[in-house]
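I opened this entry to keep track of what I looked up. The structure comes next, and my notes follow.

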Amino acid sequence: MKKQTPSSITNRKRLSFGSLVGAIIGGVGQFGAAVFFLHYALNWGGPFFRQDGGGGLLAILLFPLSWLFFLVFAALGAVAGAVGGMTHRIVRGAAVSGVMCGLFWLTLLVVPVHIVIGLSGGGLSKEPTNMPELTIALVTAISVGAIAGVIGAIAKNRLMPKR
């Protein structure tokens, strides 16, 4: 077994601290992004999303299936924030977390919803509907992920300096 030196213990603490901060920021941020996306889409979205009476925020929060949606994206945001918080450079942390969150939202929300909209009567050749809503969701997810990576990397580098 390899003997642990004080510097290796400090590096491990720094690594885990940045990951923890990034995971918390990423999870909370992506949870919020998912809640506000669903609220926006049900009230002001295009014809595929919008409901007649809209959807109140309380009604959305009380619906059990929406919690599955929220928690999946919060967990993926926590993973992305943790990975971004592990990096040694702030810009790299932002890039890694932002790209991961963007890919999560793209593969789990944007592309499937776009396909469903196309198959639900809009036709595959017509101009896609609801693209502003999906674009806003994707840009928000990337921004929140990048912020989580930056804060995690800053916490790792600034709050727990190397000794």
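I began with contacts in the protein chain, where contact means heavy atoms within 4.5 Å. Among contacts between residues at least 6 apart in sequence, 75% join residues at least 24 apart.

I noted the ground rules next. This is a predicted model, in which local features need pLDDT of at least 70 and side-chain atom pairs count only at pLDDT 80 or more, while totals for chains, interfaces and linings use all residues. Residues are numbered from 1 along each chain as its sequence is written, and side-chain values use heavy atoms, with hydrogens and water left out.

Confidence. I looked up pLDDT, the predictor's confidence in each residue, from 0 to 100. The protein chain has a mean pLDDT of 80, and 74% of its residues reach 70 or more. I found the lowest confidence in helix α1 (residues 6–44), at a mean of 80, and the highest in α3, at 91. Where pLDDT is low, the predicted coordinates should not be read in detail.

Elements. I listed 5 helices and 0 strands in the protein chain. Helices (H or I, at least four residues) and strands (E, at least two) are DSSP runs, numbered from the N terminus. Along the sequence I read the pattern α-α-α-α-α.

Burial and surface. Of the 163 residues in the protein chain, 37% are buried. The protein chain exposes about 9500 Å², and carbon and sulfur atoms supply 73% of that area. Accessible areas come from the Shrake-Rupley method with a 1.4 Å probe; for residues, only the protein chains shown count as cover.

Helix α3. I checked the length of this helix, residues 64–86. The expected span is 1.5 Å times one less than the number of residues. For the 23 residues of α3 that gives 33 Å, and the end C-alpha atoms are 33 Å apart, so the two agree. I then listed buried residues of α3, among them Phe69, Phe70, Phe73, Ala80, Gly81 and Gly84. Valine 72 is also in α3, but valine 72 counts as partly exposed, at 35% relative accessibility. Its C-alpha atom is separated by 9.4 Å from that of alanine 34, 38 residues apart along the chain.

Serine 97. I found serine 97 in helix α4 (residues 90–122). At 0% relative accessibility, serine 97 counts as buried. Which residues is serine 97 in contact with, leaving aside its neighbours within four places in sequence? They are Ala80, Gly81, Gly84, Gly145, Ala146 and Gly149.

Glycine 149. I placed glycine 149 in helix α5. Glycine 149 is buried, at 0% relative accessibility. Beyond its neighbours within four places in sequence, glycine 149 is in contact with Gly84, Gly85, Gly93, Ala94 and Ser97. Glycine 149 and valine 21 are 128 residues apart in sequence and 9.0 Å apart in space, C-alpha to C-alpha.

Nonpolar patch. I noted a nonpolar surface patch of about 520 Å², made by Leu20, Ile24, Ile25, Val28, Ile147 and Ile151. The elements that give two or more residues to the patch are α1 and α5 (131–159). Helix α1 gives the largest share, 4 residues. Like charges are joined within 9 Å, and nonpolar side chains (Val, Leu, Ile, Met, Phe, Trp, Tyr) within 5 Å.

Isoleucine 24 is in helix α1 and is partly exposed, with a relative accessible area of 48%. Isoleucine 24 and alanine 82 are 58 residues apart in sequence and 8.1 Å apart in space, C-alpha to C-alpha. Isoleucine 147 is in helix α5 and is partly exposed, with a relative accessible area of 48%.

Key
Buried < 20%, exposed > 50% of the residue type's maximum accessible area, 1.4 Å probe, protein only. Patch = residues over 30% accessible without salt bridge, like charges linked within 9 Å, V, L, I, M, F, W, Y side chains within 5 Å. Salt bridge = Lys/Arg side-chain N within 4 Å of Asp/Glu carboxyl O.
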